Amino acid sequence: MAKTAELRYQSALGLRYDLETCQSHWQETGQILPFALAGRDICDRFVIPEQLYGREAEVAALLASFDLVSSGTTEMILVAGFSGIGKTAVVNEVHKPIVSKRGYFIKGKFDQFQQNIPFGAFVQAFRDLMGQLLSESEEQLQQWQAQIVQALGAQGQIIVEVIPELERIIGPQPEVASISGTAAQNRFNLLFNKFMQVFATQAHPLVIFLDDLQWADSASLQLIQSLTSATDSQYLCATRSSLTCPSKEH
């Protein structure tokens with residue numbers, strides 16, 4: 001029943017032996033005495049465990065940043081290194097501890113061949129978050145609806161256009177006057193920051209993992225800068241993976 005595959009029984013024979021041991025104890029004493037499980041459970045194939053080794057310091061640094069975020073700060077972390085060394089695996093390792101502390105962990109990936117699509121990784125991440133919210137109770141959904149509508153006001157359609165699933169939570173939104181250029185970018189960045197702060201709270205800090213930052217489009221880079229420099233940003237951790245030299249930013 002263990003969640004991790006390598007901690008479960010690896011063979012039917014190993015499980016059968018332990019069940020027969022339980023039956024024997026019950027027949028002899030009327031109770032099942034404690035004994036070491038899986039004593040004769042032998043796997044008939046070589047399996048590499050999913051556990052991450054040799055990255056304890058990096059995982060501890062990420063969790064320490066999450067603890068700071070939980071106290072009300074905003075953190076930006078860059079996880080860098082050569083391709084294939086396990087950057088994504090290190091970040092994914094902190095998923096379970098974050099969720100266990102009622103934090104939201106969402107992730108998106110920039111695509112080398114879709115750099116013409118703005119906000120690609122952000123859209124992936126928040127579409128995943130909308131899916132998580134839609135699985136919650138009706139009462140919780142109504143609370144989310146009220147908070148999001150309050151944050152976005154009459155301009156919710158701007159966010160709905162990039163995250164269609166949001167409409168299933170807040171309903172159809174009125175059309176918004178069209179603008180272009182820098183004004184449109186600034187308006188979107190401001191609204192997106194307000195939208196994100198709905199989910200980044202003391203009750204449930206928000207962690208966003210943006211993979212392959214080296215393929216990010218210019219609009220996403222501007223949005224990252226806007227989010228990290230916002231004075232009202234709290235309980236937010238943005239983790240980025242790239243092929244640049246290792247560093248850490250706050």
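**Exercise 1. Helix 6 against helix 9**

Task: Describe how helix 6 (residues 138–152) packs on helix 9 in this predicted model.

Solution. 
- Step 1. Start with the geometry. Helix 6 and helix 9 pack at an angle of about 155 degrees, and their axes are 9 Å apart.
- Step 2. Classify the angle. Angles over 145 degrees count as roughly antiparallel. Helix 6 is therefore roughly antiparallel to helix 9.
- Step 3. Assign the hand. Helix 6 and helix 9 cross in a right-handed way.
- Step 4. List the contact. Helix 6 contributes Trp144, Gln147, Ile148, Ala151 and Leu152. Helix 9 contributes Leu191, Lys194, Phe195, Val198 and Phe199.
- Step 5. Sort by class. The contact of helix 6 with helix 9 has eight nonpolar residues, one polar and one charged.

**Exercise 2. Helix 5 against helix 9**

Task: At what angle do helix 5 (residues 120–134) and helix 9 pack, and how far apart are their axes?

Solution. 
- Step 1. The angle is about 40 degrees, with the axes of helix 5 and helix 9 13 Å apart.
- Step 2. Roughly parallel requires an angle under 35 degrees, and roughly perpendicular begins at 65. Helix 5 is therefore oblique to helix 9.
- Step 3. Helix 5 passes helix 9 in a left-handed crossing.
- Step 4. On the helix 5 side, the residues are Phe122, Phe126, Leu129, Met130 and Leu133. They meet Phe192, Phe195, Met196 and Phe199 of helix 9.
- Step 5. The contact of helix 5 with helix 9 comprises nine nonpolar residues, with no polar and no charged ones.

**Exercise 3. Helix 9 against helix 10**

Task: Which residues of helix 9 and helix 10 make their contact, and how do the two axes cross?

Solution. 
- Step 1. Locate the helices. Helix 9 spans residues 181–199, and helix 10 spans residues 218–229.
- Step 2. Read the geometry. The two axes come within 10 Å and cross at roughly 55 degrees. Helix 9 and helix 10 are therefore oblique to each other.
- Step 3. Assign the hand. The crossing of helix 9 past helix 10 is right-handed.
- Step 4. List the contact. From helix 9 come Gln185, Phe188, Asn189, Phe192, Asn193 and Met196. From helix 10 come Ala219, Gln222, Leu223, Ser226 and Leu227.
- Step 5. Sort by class. The contact of helix 9 with helix 10 holds six nonpolar and five polar residues, and no charged ones.

**Exercise 4. Two positive phi values**

Task: Where are Ala38 and Asp212 found, and what are the phi values of Ala38 and Asp212?

Solution. 
- Step 1. Recall the background. Most residues other than glycine have a negative phi.
- Step 2. Take Ala38. Its phi is positive, near 60 degrees. Ala38 lies in the loop between helix 1 (12–29) and helix 2 (56–70).
- Step 3. Take Asp212. Its phi is also positive, at about 55 degrees. Asp212 lies in the loop between strand 3 and helix 10.
- Step 4. Ala38 is partly exposed, at 34% relative accessible area. Asp212 counts as buried, at 18% relative accessibility.

**Exercise 5. The whole chain**

Task: How many helices and strands does the protein have, and what is its radius of gyration?

Solution. 
- Step 1. The protein has ten helices and four strands. Their order along the sequence is α-α-β-α-α-β-α-α-α-α-α-β-α-β.
- Step 2. The radius of gyration is 23 Å, whereas a compact globule of 250 residues would have one near 18 Å.
- Step 3. Along the principal axes, the C-alpha atoms fill a box of roughly 80 × 45 × 35 Å.
- Step 4. Of the 250 residues, 38% count as buried.
- Step 5. Consider contacts between residues at least 6 apart in sequence. Of these, 75% join residues at least 24 apart.

Terms used
Residues numbered from 1 in each chain as written. Predicted model: local features only at pLDDT ≥ 70, side-chain atom pairs only at ≥ 80, totals over all residues. Heavy atoms only, no water. Axes fitted to C-alpha atoms, helices over the stretch in contact; angles between N-to-C directions. Parallel < 35°, antiparallel > 145°, perpendicular 65-115°, else oblique. Left-handed = near helix turned anticlockwise from the far one by under 90°. Contact = heavy atoms within 4.5 Å. Nonpolar A, V, L, I, M, F, W, Y, C, P; charged D, E, K, R; others polar. Rg over C-alpha atoms; globule rule 2.2 N^0.38 Å. Buried < 20%, exposed > 50% of the residue type's maximum accessible area, 1.4 Å probe, protein only.
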